[in-house]
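Hi,

Here is the structure for you to look over. My notes follow below it.

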Amino acid sequence: MRIVVSRERRVGACVADQVIDLNRADSRLPPDLASFIALGPRGLDIARDVIDRVTSGALQVAQDGQPVVQSRAAVNLKAPWAPAARIACAGANYARHLAGARAANTGENPDLDEVYRQSRSACPWGFWKVIADVRGDGEDVTYPARATRFDYEGEAAIVIGTTALDVAADRIDEHIWGITLLNDWSIRNDMGPGRPMSFNLPKNFNSSTSIGPCIVVGEDLDPQNLTIQTRVNGAVRQDYSTSEMTFSFGELLEFLSRDFTFLPGDIIAAGTGAGTAMDSSRAGPDGAAPTDLFLKPGDEVDVSSPRIGTLRNRVVRKLA
């Protein structure tokens, strides 16, 4: 089942090239994503029945006369994200990405196995996205005014379906509601001096997160074995598997849920693999770091995975 959210923030199911408005099809299902997730397995059972009735032709118009089904092209989708849901992003959670970042910063090529070992010997780290402006598939992303090195980070992410506190890593399956794609747009310049804690401004600005195109729910899809590709203007930049994660989704939830309660709809992003502009750039003989791989207004970025689809965004210049 592929769950989407319309421009009116109504939850739907995408089947082939059609979108089913689940609430109009069956009033037992709430119109908003947060309430739908909170229904748990019961909501998914009702949604499956709705999909069966619609695809068989038995249900096309709601009791109020509104159409239950629209073409995918006619529905302006928003991010499948429940407003106010928290987004936790793992940092440096792929050894090849981290090794590339170190090489970009130092000019040296660290041993990949040693990078992985060092990461595993420490604890996970990352940051929270605290924005209210999450972009969906097909929506523009604004180039931040303070950015001179603007980067993409294609990622897999899980959506939490139940209240989760002090969860053991091996119980992660009990708490995953669905799986989606996320682009963690990042400012690589003007990061400020290193501090133990910061406001994480390079990760939090208007449109600094894209999610979509859907949430895959109730299917045999292993979040630890997903292929992720990122393309910029059609050229492949990232091509990796979530099997390469340094810390699994279960380990991330275990670490984060100690003394902290996750709520239905909250999201955990896996971190990104190698191939970002930052980890792929190397300083030239003069010591200057090239900028050609970083994004500019007009660029189109696609994050895709075969079973989930493609999250596509165009970078646009900030309006004065």
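Let me start with helix H4. Its buried residues pack against helix H5 (112–121) and helix H7 (277–280). Contact here means heavy atoms within 4.5 Å. Helices (H or I, at least four residues) and strands (E, at least two) are DSSP runs, numbered from the N terminus.

Before the rest, the ground rules. This is a predicted model, in which local features need pLDDT of at least 70 and side-chain atom pairs count only at pLDDT 80 or more, while totals for chains, interfaces and linings use all residues. Residues are numbered from 1 along each chain as its sequence is written, and side-chain values use heavy atoms, with hydrogens and water left out.

Back to H4. The helix covers residues 95–106, 12 residues in total. From first C-alpha to last it reaches 16 Å, close to the 16 Å expected at 1.5 Å a residue (the expected span is 1.5 Å times one less than the number of residues). Its buried residues are Ala95, His97, Leu98, Ala99, Gly100, Ala101 and Ala103. Buried means under 20% relative accessible area, with a 1.4 Å probe and protein chains only. Gly107 follows H4 and has a positive phi, near 80°.

Next, aromatics. The whole structure holds 8 aromatic pairs. Rings of Phe, Tyr and Trp (its six-membered ring) pair if their centres lie within 6.5 Å; planes under 30 degrees apart count as stacked, over 60 as edge-to-face and the rest as tilted. Tyr94 and Tyr240 have ring centres 4.9 Å apart and planes at 70°, so this pair is edge-to-face. Tyr94 sits in the loop between strand E6 (87–90) and H4, and Tyr240 in strand E16 (residues 235–241), so the pair ties together parts 146 residues apart in sequence. Tyr94 is buried at 1% relative accessibility. Tyr240 is buried too, at 3%. Separately, Tyr143, Phe150, Trp185 and Phe205 form one aromatic cluster.

Now the strands, which pair if DSSP finds at least two bridges between them. E9 (residues 141–143) runs parallel to E19 (residues 309–317) over 3 bridges. Tyr143 has Arg317 as its bridge partner in E19. E18 (residues 300–305) pairs with E19 in the antiparallel sense over 6 bridges. Val303 is bridged to Leu311 there. E18 and E19 form a hairpin, with 3 residues between them.

Last, the core. A nonpolar core is a set of buried Ala, Val, Leu, Ile, Met, Phe, Trp, Tyr and Cys residues joined through side-chain atoms within 4.5 Å. The largest has 40 residues; Ile3, Ile20, Leu22, Phe36 and Trp177 touch the most other members. Helix H3 (residues 41–55) gives the largest share, 6 residues. Apart from this core lies another, of 33 residues, including Val4 and Leu311.

Best wishes

Key: Buried means under 20% relative accessible area, exposed over 50%, partly exposed in between (1.4 Å probe, protein chains only).
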